[in-house]
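Dear colleague,

I am handing over the structure below, together with some notes for someone who has not worked with it before. Please read them with the model open beside you.

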Amino acid sequence: MKKLLSVFALVLVALTVYLAVTPSPIDPLAWQAPKAPAMTGVLEPNDTLMKAELIAQGQVHGPEDTAVDAQGRLYAGLHDGRIVRIGENGQVETFAETGGRPLGMDFDAAGNLIVGDAYKGLLRIDPQGKITVLASEAEGVPFRFTDDLDIAQDGRIYFTDASSRFEQPDYLLDLLEARPHGRLMRFDPLTGKTEVLLKDLYFANGVALSANEDFVLVNETYRYRISRYWLSGEKAGTHDVFIDNLPGLPDNLQGDHQGNFWVALPTPRKADADFLHTQPWLKAQMAKLPRMFWPKAVPYGLVIQLNEQGEIVHSLHDTSGTHLRMITSAKPVGDYLYFGSLDNDRIGKLKIR
């Protein structure tokens with residue numbers, strides 16, 4: 001026992017010295033999160049997600065977002081930089097390799113797959129798999145974390161750079177630092193120009209246009225909220241909060257062009273994480289430690305549906321976190337929702353009509 005205590009004391013001393021002399025990779029701020037909403041009413045837990053069909057199970061790793069082409073074929077971007085295409089028979093084939101990390105994706109009117117690649121920027125991939133970089137910087141600031149996107153009827157692309165400071169492997173450092181490094185942008189394919197619509201966002205993530213395209217929404221993941229930028233009308237050029245104090249961390253965001261938005265929440269709120277935000281010194285020390293010592297996400301599946309008034313009207317759950325967990329995208333296509341994940345080895349498909 002004495003020997004064990006001596007070893008423990010040596011480890012404690014070594015850890016103390018390490019923390020004292022090692023600079024932190026972040027410069028964190030304190031933030032007081034609002035009290036998490038009760039999981040009651042429309043947020044009442046259910047097991048609807050357990051009914052989802054599982055596609056390509058065991059054949060994909062980290063299909064963060066999905067897209068469906070005019071022929072009904074399913075596409076997904078994976079951890080290894082590949083974008084795969086999945087046929088009706090479940091066969092998985094490589095469609096393109098970006099050499100980065102493909103995240104948000106959608107097809108444009110010409111049948112090109114538009115992709116936000118965390119490392120490569122905003123990409124266009126033609127039906128033969130040829131990749132063209134559309135944008136990799138705005139206002140002289142390079143993208144470090146190109147994320148989600150939506151495409152307007154006029155062909156302009158609304159997209160996000162989640163963080164101008166931290167790249168994809170370090171997204172949790174952005175969470176701990178609690179500073180606004182994100183931007184919402186618009187790319188015009190006719191001029192090739194990118195304009196910044198909003199800056200100083202707290203991890204700018206999911207993007208979705210309203211049914212009439214009079215506003216665009218952007219998720220601020222690390223503030224548990226969705227912001228709105230007005231594109232037309234008397235409020236054009238201004239922004240406000242669309243919905244605040246969400247029950248989890250909002251990731252990708254997708255509209256169905258009928259007045260509804262689907263929001264993927266990879267993990268529900270955790271009281272210890274909210275408390276940690278009030279302690280900048282503690283966050284600075286934690287950032288020095290290996291990730292195994294950091295708080296872990298709850299294994300849970302959660303997706304919510306919003307109307308255009310910013311109200312939660314429906315929620316989908318997998319309380320066990322065994323069927324679909326850490327859901328990062330919920331894409332409505334026809335009568336179905338397709339679920340992507342940064343972590344899963346499968347894609348979910350659920351009939352909603």
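This is a predicted model: local features need pLDDT of at least 70, side-chain atom pairs count only at pLDDT 80 or more; totals for chains, interfaces and linings use all residues.

I would begin with the nonpolar cores. The largest of them has 17 residues, and those with the most contacts inside it are Ile226, Phe242, Phe261 and Leu306. The elements that each contribute two or more residues to this core are strands E17 (215–220), E18 (225–230), E19 (239–243), E21 (260–264) and E22 (301–307), and the largest share, 3 residues, is that of E22.

A search of the whole structure finds 10 aromatic pairs, of which I describe two here. In one of them, the ring centres of Tyr75 and Phe107 are 5.1 Å apart and the planes stand at 75°, so the pair is edge-to-face. Tyr75 belongs to strand E3 and Phe107 to strand E6 (residues 102–107), so this pair ties together parts that lie 32 residues apart in sequence. Tyr75 itself is buried, with a relative accessible area of 2%. The other pair, Phe215 with Trp230, is also edge-to-face, at 5.4 Å centre to centre and with 65° between the planes; this pair links distant parts of the chain, with Phe215 in strand E17 and Trp230 in strand E18, 15 residues apart.

Strand E3 brings us to a sheet. Four strands form an open sheet in the order E2-E3-E4-E5, with antiparallel pairing. Strand E2 (66–68) and strand E5 (92–97) are at the edges and have a single partner strand each, so one side of each is left without a neighbour in the sheet. From one strand to the next, the twist averages 25°. Inside the sheet, strand E3 (residues 74–77) and strand E4 (residues 82–86) pair in the antiparallel sense over 4 bridges, and Gly77 has Ile83 in E4 as its bridge partner.

Finally, I would draw your attention to Arg269, which is found in the loop between E21 and helix H3 (271–276). Is this arginine buried or exposed? Arg269 counts as buried because its relative accessibility is 13%, and the limit for burial is under 20%. A polar atom of the Arg269 side chain lies 2.9 Å from the backbone oxygen of Leu246, and the side chain of Arg269 also makes a polar contact of 3.2 Å with the side chain of Asp274. Beyond its neighbours within four places in sequence, Arg269 is in contact with residues including Ala33, Pro34, Lys35, Ala36 and Pro37, as well as Tyr224, Asn245, Pro247 and Gly248.

With kind regards

Technical notes:
Residues are numbered from 1 along each chain as its sequence is written. Side-chain values use heavy atoms; hydrogens and water are left out. A nonpolar core is a set of buried Ala, Val, Leu, Ile, Met, Phe, Trp, Tyr and Cys residues joined through side-chain atoms within 4.5 Å. Buried means under 20% relative accessible area, exposed over 50%, partly exposed in between (1.4 Å probe, protein chains only). A polar contact is a pair of N or O atoms within 3.5 Å; within protein, one must be able to donate a hydrogen and the other to accept it, and residues adjacent in sequence count only if both atoms are side-chain atoms. Contact means heavy atoms within 4.5 Å. Two strands pair if DSSP finds at least two bridges between them. Axes are lines fitted to C-alpha atoms, for helices over the stretch in contact, and angles run from 0 to 180 degrees between N-to-C directions. Rings of Phe, Tyr and Trp (its six-membered ring) pair if their centres lie within 6.5 Å; planes under 30 degrees apart count as stacked, over 60 as edge-to-face and the rest as tilted.
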